[in-house]
Amino acid sequence: MELPPVVTDKTLPRRHSRRGRIIGSIVAVLAMAGLGYLAWHLTHPSADTAAPGAQGQRPGGGGGGGRGGPGGRGAPATTVGVATAEKADIPVVLDALGTVTAAATATVRPQVSGVIQKINFTEGQLVKAGQVLVTIDPRAFEMALLQASGQRQRDEAQLESARVTLARFRTLLTQDSIARQEVDTQAALVKQLEGTVMTDRASEGVAKLNLSYTQVKAPISGRVGLRVVDMGNLVGSGDANGIAVITQLAPIDVEFSVPQDQVPDLQARVHEGAPLPAIALDRTRTTSLASGRFNALDNQVDVQTGTVKAKARFTNADGKLFPSQFVNLRLEVRNIKDAVVVPVTALRHGASGDFVYVLNAAERTVALRPVTRGQATVDKVQVKTGLEAGEQVITEGADRLKDGAKVILPGDKPAGGGQGGRRGGRRGAEGAAPAASAPAASTDAAPAAGERRRRRPEGAAQ
């Protein structure tokens, strides 16, 4: 038979200390849980306590906002903006950045060497084709022309004498008074002199041509650039810089790039022979500089950019376009007639595609309708399918709407719902009153729980 353990004065303090640690841990955990609950309760008010405040802020709302969410059938009506779908012509345009290039550029160089005797132009002057720009000293070329003319005249005289002699020999041959060999020799001499005269005429023509080259003329019409020679300079055909550079300004071209995806549509319009109007705008796209037409399309695609180069030609009568100038080009490819258009803000995009909210004016509700969009301008967009002209669509406030939602138009009077809101507020307050007593009961029960916790260690100690 085992004897119960003897309780000594040394074992009692150990038991009491172990129980004290356990009790302290329990109290600490409960205290932390209470603080956490208090913090959550303060930061997350219950629906019963929040309802009266919400009803007070939005009179007439009642409790209807809970059905369907914002913009649903049970939600308060939303004030929206509307617009009417209408028919209009939409131009299909191609916007691109272009560079002004001269239709023709010519570097004026002399074709003969000589000293400049006279300069007949000023820098920046507009000249016409054939106008004399520079005169080279012509005296050496005049002497060469005289020499070639004299040689030709001498050989022509010899040729005439040989022809007369050949005619006499042929008469004698018919009389059998001369040998045929002499006649043949004279005929060969005539042909030789004829060739010499032809050569002399060519030499005389070259001399005349060189003399005409002493007057350097403008090959094209345009604006003369800065000159690089002065009077008295010796110039020649081998000079790299020449005398001046002429740039044709009217007409003038604008070179731009067309995306390869739009090339087939552009080619189709060109093959139809349709005129493609083009407008050159300044860098801000606000001022029109010149009006022209599409001119040509390149024959290959740039593999680095995926574009094809093209040109548009402008008359440039007022000279607003300048070579190497950057402009914004707007090319009208085609024009869509009688297209149904709506404001850009009316078209929305969702998971199922593009859609608009169509207004039912009688019931003041909206219906979500899928549509197919087409071409767009700055403020209008074409609706290919899903909408008819004359229907009203929502342009403002559509982000708060759903299918079948109630709406308020800007001209509508506010609906009377103040009494219903007050009744809903009173019902919410009455329903919240019983719930308000719950925290009091919990606070009363708190001391009782504390007393039980204090008694439990005492009983355990006994």
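Residues are numbered from 1 along each chain as its sequence is written. Because the model is predicted, local features need pLDDT of at least 70 and side-chain atom pairs count only at pLDDT 80 or more, while totals for chains, interfaces and linings use all residues, and side-chain values use heavy atoms, with hydrogens and water left out.

**Stop 1: the helix pair**

Select residues 139-174, which are helix H3, and residues 180-212, which are helix H4; the helices (H or I, at least four residues) and strands (E, at least two) named on this tour are DSSP runs, numbered from the N terminus. The axes of H3 and H4 come within 8 Å and cross at roughly 160 degrees, where axes are lines fitted to C-alpha atoms, for helices over the stretch in contact, and angles run from 0 to 180 degrees between N-to-C directions. H3 and H4 are therefore roughly antiparallel to each other (angles under 35 degrees count as roughly parallel, over 145 as roughly antiparallel, 65 to 115 as roughly perpendicular and the rest as oblique). By class, the contact of H3 with H4 has 17 nonpolar, eight polar and 13 charged residues, with Ala, Val, Leu, Ile, Met, Phe, Trp, Tyr, Cys and Pro counted as nonpolar, Asp, Glu, Lys and Arg as charged, and the others, Gly among them, as polar.

Now select Asp176, in the loop between H3 and H4. Phi of Asp176 is near 60 degrees, a positive value in a residue other than glycine, and Asp176 is exposed, with a relative accessible area of 69% (buried means under 20% relative accessible area, exposed over 50%, partly exposed in between, with a 1.4 Å probe and protein chains only). For context, most residues other than glycine have a negative phi, and most peptide bonds are trans.

**Stop 2**

Four strands form an open sheet in the order S8-S7-S5-S10, with antiparallel pairing; two strands pair if DSSP finds at least two bridges between them. Strand S8 (215-217) and strand S10 (234-235) stand at the edges, each with a single partner strand, so one side of each is left without a neighbour in the sheet. Strand S5, residues 114-119, runs antiparallel to S10 and is joined to S10 by two bridges, and in S10 the bridge partner of Gly114 is Val235.

Another open sheet of four strands has the order S4-S11-S9-S6, again with antiparallel pairing. Here strand S4 (105-108) and strand S6 (126-127) stand at the edges, each with a single partner strand, so one side of each is left without a neighbour in the sheet. S6 pairs with strand S9, residues 222-224, in the antiparallel sense over two bridges, and Val127 has Gly222 as its bridge partner in S9.

From S11, move to Pro251, in the loop between strand S11 (244-247) and strand S12 (252-259). The peptide bond from Ala250 to Pro251 is cis, with omega near 0 degrees.

**Stop 3: S13 and its partners**

Select strand S13 (residues 277-281) and strand S14 (residues 288-297), which run antiparallel and are joined by five bridges. S13 and S14 form a hairpin with six residues between them, and Arg285 in the turn has a positive phi of about 60 degrees. Leu281 stands opposite Ser288 in S14 and opposite Asn328 in S16. S13 pairs with strand S16, residues 326-343, in the antiparallel sense over four bridges.

In the loop between strand S15 (307-314) and S16, select Asn316, which has a positive phi of about 55 degrees although it is not a glycine. Is Asn316 buried or exposed? Asn316 is buried, with a relative accessible area of 5%.

**Stop 4**

Ala339 lies in strand S16 and is buried, with a relative accessible area of 3%. Ala339 and Lys384 are 45 residues apart in sequence and 7.6 Å apart in space, C-alpha to C-alpha. S16 and strand S21, residues 380-385, pair in the antiparallel sense over three bridges, with Pro343 opposite Lys380 in S21. A hairpin joins S20 to S21 through three residues, and Ala376 stands opposite Val381 in S21.

**Stop 5: the aromatic pair**

A search of the whole structure finds one aromatic pair. The rings of Phe355 and Tyr357 have their centres 5.6 Å apart and their planes at 85 degrees, so the pair is edge-to-face (rings of Phe, Tyr and Trp, the last by its six-membered ring, pair if their centres lie within 6.5 Å; planes under 30 degrees apart count as stacked, over 60 as edge-to-face and the rest as tilted). Both Phe355 and Tyr357 are buried.
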